[in-house]
Amino acid sequence: LFATAYLVLAATSLAVPVTNEPPRVAPSIVLAIGVASIVFASTVAGPSVPTPHASLALPLSLLAAVAEEALFRRVAYARLARFGALVAVAGSAILFGMVHLPAYGVAALPVDLGAGVLFGWQRWASGTWLVPAGTHAFANAVAIVR
């Protein structure tokens, strides 16, 4: 059920016409900063909450990351960008945090907002949603295998 929902979300988000911006920073550098941020945060955070390691957990978490970034950093960011980069970054981060409230609760909201800001900045700096999608997928993989 989750896989189908994420596939529909990704397909629907990818069907919306969006224009990429020219990169402000080399996408490889933006991706490296994002990955380094995730590694640092996971080191500082201490042990994670145990999660079931079903065989589908990793592929589903990677699919979820890409589908969410297609929605939040591809579509929502692009729609909010006409109000300026700050509104696009903050607005897409707030939407990202709100969507995760039912699953993770208010206690996780600062982490979700922080991740949303990082992903939004990556979208702005790289000019594409693919860089934050890569970072988000890496973060989800770290959370599963940790």
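**Patches, packing and salt bridges**

Q: Is V145 buried or exposed?
A: The model is predicted, with local features needing pLDDT of at least 70 and side-chain atom pairs counted only at pLDDT 80 or more, while totals for chains, interfaces and linings use all residues. Residues are numbered from 1 along each chain as its sequence is written, and side-chain values use heavy atoms, leaving out hydrogens and water. Buried means under 20% relative accessible area, exposed over 50%, and partly exposed in between (1.4 Å probe, protein chains only). At a relative accessible area of 61%, V145 is exposed.

Q: Which residues make the nonpolar surface patch of about 230 Å²?
A: A patch takes residues with over 30% relative accessible area and no salt bridge, joining like charges within 9 Å and nonpolar side chains (Val, Leu, Ile, Met, Phe, Trp, Tyr) within 5 Å. Areas come from the Shrake-Rupley method with a 1.4 Å probe, and for residues only the protein chains shown count as cover. V145 can take part because its relative accessible area is 61%. The patch is made by L58, L62 and V145.

Q: At what angle do helix 5 and helix 6 pack?
A: Helix 5 spans residues 109-126, and its axis runs 7 Å from that of helix 6. The contact (heavy atoms within 4.5 Å) is made by L118, F119, Q122, R123 and S126 of helix 5 and V131, P132, T135 and H136 of helix 6. Axes are lines fitted to C-alpha atoms, for helices over the stretch in contact, with angles from 0 to 180 degrees between N-to-C directions. On that basis the packing angle is about 145°.

Q: How many salt bridges does a search of the whole structure find?
A: A salt bridge puts a side-chain nitrogen of Lys or Arg within 4 Å of a carboxyl oxygen of Asp or Glu. R24 and E21 meet this way at 2.9 Å, N to O, and E69 and R73 at 2.7 Å. The search finds 2.

Q: Are E69 and R73 buried or exposed?
A: Both sit in helix 3 (residues 57-80), 4 residues apart, about one turn of the helix. R24, for comparison, is partly exposed at 44%, and E21 is partly exposed at 22%. E69 and R73 are both buried.

Terms used
Helices (H or I, at least four residues) and strands (E, at least two) are DSSP runs, numbered from the N terminus.
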